[in-house]
Amino acid sequence: MSVVEKDSLPKKATREAFGDEIVKLGKKNKNIYVVDIDIGKSCKTTEFAKQLPNQHVNVGIAEQNGAGLAAGLATTGKIPFVSTYAVFGSLRMAEQIRQEICYPNLNVKIACSHGGLTPANDGGSHQSIEDMGVLRTIPNMTVIMGADYYSTRKLVEQAAEIYGPVYLRFTRDAVPIIYDENEEFTIGKAKKIKDGKDIAIVANGDTVYLAIEAAKQLEKDGISVKLLDMHTIKPLDREAVVECLNIGKIITVEDHNILNGLGSAVCEVIAEEGRGIVRRIGVQDQFGQSAPYEMLLELNGITIENIVKTAKEMLK
Amino acid sequence: MNDISVEELKQKAIELRKTALTMIHEAKSGHPGGSLSAADVVAALYFREMNIDSANPKWEDRDRFVLSKGHVCPIQYAALALRGYVPYETIYTLRKYGSPFQGHPDMKKCPGVDISTGSLGQGLSCAVGMALAGKRDSKDYRVFAIVGDGECQEGQIWEAAQSAIKYQLDNLVVFVDDNGLQIDGTTEEVMPNQDLEKKFHAFGFETKRINGHSMEEIVETLDYIRNSKNGKPKCVVLNTVKGKGVSFMENVVGWHGIAPNQAEYLQAIEEIAGGLK
């Protein structure tokens, strides 16, 4: 695979990827609907609403109804994408998603912007550090976070094509574009960014970029790094994790609570296999606060430096 | 719509009540009170009003039925069994392993169930989604939802109601089974609903309050609604009696979610069967 190699990468928020892709998909397939919860501007669905009004619904500030209404639409063959912020799209609608979408296994996608700590200055109330963990424990649900603009577009497209509930999480902030526009992605299949033999780094979302940068530094010091973009944390690509066990030392990186997200999912495989060790880099089971995004990442050790330091410690 | 007389519908309601109680007795668990209060409207919908085909449960032009108060599914299951969606003997499998008749309606397991329900307050949103899709696709089907009066304490009911108004869903009919009781007591004690007809009316529904045990009034109301295409969703508040048709269950809070023992069951069946005398 080819990762774009540039010193200064162009940046784009992955919510833009959703906004752009969903218009394309909606034009192609009249069954694709967007259910907005009043924040279409933030979630980048206004273009869809403008161009495809007959496939658009806005329920106002009523997440629970939005989820249930989407379930009703899905029973008639529609493919609704419910669009809101990650914290509301997961937790405020959690029971509706469980009862009316996942339990009957309906074809509803929950497409959420402002994932992780990215709603930084909005403060802890609007940051979403539990969403992927909560939703991955619900049967039938697929949980995805793309690493950049192009991978997110491809994953949104695939989510529309597979049957069943999917949770897609996007970033508010612009993140570096790391993939070539023609790169292919498969839901449930980890993207191997590079192979290596000393240590494995498994990251997802916008932290993949941090992992790429950390890997570069480690390689300069003669450490060979295997790097995976685990864009789908459920179903987790177990095979890819088991492959990392040949190395034996794994670091997970995520903008999510270290409890129950990517790190936990990887640990489950490691524990079941009974070999290998893992260090989880992510939100340290604490709420965020209003601050610049980079500062919040730093407060939780979600940094290039910490990935490098952790790797070196593990290799001592 | 099926051509069936009011007298025949009353007979169907008796059969539904007997079947639902038999199911609950056999399962040794279930919800008799609310099943009996909703029996008459369910009879009218399944045997007269709804455009459905048991041989083709997923027919895309069918009318939809959403039992938002999913715990009273025995009354819906009775209708499905009597309408031929499943063999009648299925009634003896309620709440048992592998049964299409789960403790609460499961669309994946039971033919004729249009949406899984059970967690209160959520079904009406699904009904709105179905009705909206029908409008957008220029289909003639209608969506009938039954919600409980206690269930109207859930905020999501009102979220759903406002969206039904916004999208002018005159193909949606909401029945409120206003029997006045919930698990912890009367709705008046637990959480007063005020006047549910006025509430739905204030939201913009076309509303009516009728005697939910008068088949004449139910049929008359359905006849009116069928021809009312004025852009307004409909809400019919049914004055009902929890446990209706069984003397010792009527208006007794305790009969919300327990099964009758053998003696109680036999007495109940006898009273229900005698209902037309």
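User: What pLDDT does chain B average?

Analyst: Chain B averages 97, and 99% of its residues score at least 70. pLDDT is the predictor's confidence in each residue, from 0 to 100. This is a predicted model: local features need pLDDT of at least 70, side-chain atom pairs count only at pLDDT 80 or more, and totals for chains, interfaces and linings use all residues. Residues are numbered from 1 along each chain as its sequence is written, chains are lettered from A and ligands numbered from 1 in the order in which they are written, and side-chain values use heavy atoms, with hydrogens and water left out.

User: And what ipTM does the complex get?

Analyst: The predictor gives an ipTM of 0.95, with a pTM of 0.96.

User: OK, interface. How many residues of chain A are in contact with chain B?

Analyst: 28 residues of chain A contact 27 of chain B. Contact means heavy atoms within 4.5 Å.

User: How much area do the two chains bury?

Analyst: About 2,100 Å², 49% of it on carbon and sulfur atoms. Buried area is the accessible area (1.4 Å probe) that two parts lose on being put together, summed over both. In chain A, Asn65(A), Glu100(A) and Tyr103(A) lose the most area to chain B, together 25% of what that side buries.

User: Which residues form a salt bridge there?

Analyst: Asp137(B) and Lys78(A), with the closest N and O atoms 2.6 Å apart.

User: Switching to folds. What is the strand order in the chain B sheet?

Analyst: β1-β2-β3-β7-β6, an open sheet with parallel pairing. Strands pair if DSSP finds at least two bridges between them. Helices (H or I, at least four residues) and strands (E, at least two) are DSSP runs, numbered from the N terminus.

User: Why do β1 and β6 of chain B have a side without a neighbour?

Analyst: β1 (64–67) and β6 (206–211) of chain B stand at the edges, each with a single partner strand, so one side of each has no neighbour in the sheet.

User: How many bridges join β3 to β7 in chain B?

Analyst: Six, between residues 172–178 and residues 234–239 of chain B. Val173(B) has Lys234(B) as its bridge partner in β7(B).

User: And chain A, what order do its strands take?

Analyst: Seven strands form an open sheet, β3-β2-β4-β5-β7-β6-β12, with mixed pairing.

Note on methods:
Salt bridge = Lys/Arg side-chain N within 4 Å of Asp/Glu carboxyl O.
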